[in-house]
Amino acid sequence: MPTLTIVTRTGREHTINARAGMSVMRNIRDAGLEELAAMCGGSCSCATCHVHVDPNWIETVGPCHVDEGDLLESSIHRSPSSRLACQITMTDALDGLHVVIAPED
């Protein structure tokens, strides 16, 4: 079972056992971290699950696709490591992934 480390907006760090095959967003929500709104439920139609992927992981996670990039364009907190947590699927290759929940827009 891969682990996922999440840093909340208050700077608190949580490491959880993530379920492979599920999105980072779903794993965060299932862990009880309500800070991630994920208003669209993971359908890539909002940007309320915006996270910053640790730069050491960005290549492994891969680039965002066009729709995801378009949604992230609306965020004043977008960075080169920005991704939507609903669009990252946890796998064993992502064991140890580290993300920071982006500030709210």
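Mentor: What follows goes from the sheet as a whole to single residues.

The model is predicted, so local features need pLDDT of at least 70, side-chain atom pairs count only at pLDDT 80 or more, and totals for chains, interfaces and linings use all residues. Residues are numbered from 1 along each chain as its sequence is written, and side-chain values use heavy atoms, with hydrogens and water left out.

The sheet is open and has 5 strands in the order 2-1-5-3-4, with mixed pairing. Its edges are strand 2 and strand 4 (82–84); each has a single partner strand, so one side of each has no neighbour in the sheet. From one strand to the next, the twist averages 35°. Strands (E, at least two residues) and helices (H or I, at least four) are DSSP runs, numbered from the N terminus.

In general, strands of a sheet pair through backbone hydrogen bonds, in a parallel or an antiparallel sense. Here, two strands pair if DSSP finds at least two bridges between them. Strand 1 and strand 2 are antiparallel partners, joined over 5 bridges. Within this pair, I6 is opposite H14 of strand 2.

T5 belongs to strand 1 (residues 3–7). T5 counts as buried because its relative accessibility is 10%; buried means under 20% relative accessible area, exposed means over 50%, and partly exposed lies in between (1.4 Å probe, protein chains only). Contact means heavy atoms within 4.5 Å. Leaving aside neighbours within four places in sequence, T5 has contacts with E13, H14, T15, L97, H98 and V99.

A18 is buried, because its relative accessible area is 0%. With neighbours within four places in sequence again left aside, A18 is in contact with M1, P2, T3, L4, N27 and M90. Between the C-alpha atoms of A18 and A31 the separation is 8.7 Å, although these residues are 13 residues apart along the chain.

Conventions. Axes are lines fitted to C-alpha atoms, for helices over the stretch in contact, and angles run from 0 to 180 degrees between N-to-C directions.
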